[in-house]
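Q: Hi! I have a protein model open and I'd like to go through it with you. Can we take it piece by piece?
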Amino acid sequence: MLKTSKHTQLVVGALLLALLIMTRGSHFPQLNLPSASWAVFFLVGVFLRPLWAYPLFFAAAFVVDVMTVGWVNAGHHCMTIAYWALLPGYAALWFGGRLYAGWHRDQASSLLVLLPTMMISALVCQVFTSGGFYWFSGRYAEPTFIGMIERLAHYYPSYLSTMAAYVAVAVVLYVGARSAAALLGNASQRA
């Protein structure tokens, strides 16, 4: 099981919040990074233990979205009643992260658990978010099940690959931090 100190959770939480704000919307066009939202919600589930972390991050995402389109333009293309499908969608990512945290072991074989957990939680998220937009946004005159499947097939690979890239960076940082801590611990025991 992945366990982190409260201090580590605070640092990781601040970094994840900064990543969410920097990559969601168009506040930092000079960065031009793809949205890390899916990865952030998954990693919040992995690293942050308090249950209130999910609603806090969802509220932050909502505020960024409203600031991006402006309150006056809240009827923007994506800001419809279907927006609320993000709640269960992002919750699926967060829950997938929490499941993985319980299954995690500091061994390379954990990647064999991480990958399918991430893929399944991302697929559930895609069904809620893309499916929710397709069915409830009012942007599609006659939505069909086949039309929704086509949307999933079109958007899921792109969203999953972006999420996987951010999670891969998090894995590298985690392994590096754990290795550095082990080296420092061994050095202090020898001294």
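Q: Okay, what share of the protein chain's residues count as buried?
A: In this predicted model, 38% of the 191 residues of the protein chain count as buried.

Q: And how many helices and strands does the chain have?
A: There are six helices and zero strands. Read along the sequence, that gives the pattern α-α-α-α-α-α.

Q: Let's go inside. Which residues touch the most other members of the largest nonpolar core?
A: Those are Phe41, Phe42, Tyr90, Leu93 and Met163, in a core of 42 residues. Helices H1 (6-23), H2 (37-47), H3 (53-69), H4 (86-103), H5 (111-136) and H6 (145-190) each supply at least two residues of this core.

Q: Which helix gives the most?
A: H2 does, with nine residues.

Q: Is H2 itself buried or exposed?
A: Eleven of its eleven residues are buried, so H2 is largely enclosed by the rest of the structure.

Q: Phe41 came up already. What is phenylalanine 41 in contact with?
A: Leaving aside its neighbours within four places in sequence, phenylalanine 41 is in contact with Leu20, Tyr54, Phe57, Phe58, Ala61, Tyr90, Leu93 and Trp94.

Q: Switching to helix pairs: at what angle do H1 and H2 pack?
A: The angle is about 170°, and their axes are 10 Å apart. Angles over 145 degrees count as roughly antiparallel, and H1 and H2 are therefore roughly antiparallel to each other.

Q: Which residues make that contact?
A: From H1 you have Gln9, Val12, Leu16, Leu19 and Leu20, and from H2 there are Ser37, Val40, Phe41, Leu43, Val44 and Phe47. Sorted by class, the contact of H1 with H2 has nine nonpolar residues, two polar ones and no charged ones.

Q: What does tryptophan 94 touch?
A: Apart from neighbours within four places in sequence, tryptophan 94 is in contact with Phe41, Phe42, Val44, Gly45, Leu51 and Tyr54. Here's another one for your picture: the C-alpha atoms of tryptophan 94 and valine 40 are separated by 8.6 Å, and the two residues are 54 residues apart along the chain.

Q: Now threonine 117. Which helix is threonine 117 in?
A: Threonine 117 lies in helix H5. This threonine is buried, with a relative accessible area of 11%. Setting aside neighbours within four places in sequence, threonine 117 is in contact with Phe42, Gly96, Tyr100 and Trp103.

Q: Last topic: which residues does the UniProt annotation "transmembrane region" cover?
A: According to the unreviewed UniProt entry, the annotation covers residues 57-75, 81-101, 113-136 and 156-177.

Q: How far apart are the end C-alpha atoms of residues 113-136 and of residues 156-177?
A: For residues 113-136 they lie 34 Å apart, and that span is 100% helix. For residues 156-177 the end C-alpha atoms lie 31 Å apart, and that span is 100% helix as well.

Key
Residues numbered from 1 in each chain as written. Predicted model: local features only at pLDDT ≥ 70, side-chain atom pairs only at ≥ 80, totals over all residues. Heavy atoms only, no water. Core = buried A, V, L, I, M, F, W, Y, C linked by side-chain atoms within 4.5 Å. Buried < 20%, exposed > 50% of the residue type's maximum accessible area, 1.4 Å probe, protein only. Helix = DSSP H or I, 4+ residues; strand = E, 2+ residues; numbered from the N terminus. Contact = heavy atoms within 4.5 Å. Axes fitted to C-alpha atoms, helices over the stretch in contact; angles between N-to-C directions. Parallel < 35°, antiparallel > 145°, perpendicular 65-115°, else oblique. Nonpolar A, V, L, I, M, F, W, Y, C, P; charged D, E, K, R; others polar. UniProt positions renumbered as here; feature names shortened; annotations may be inferred.
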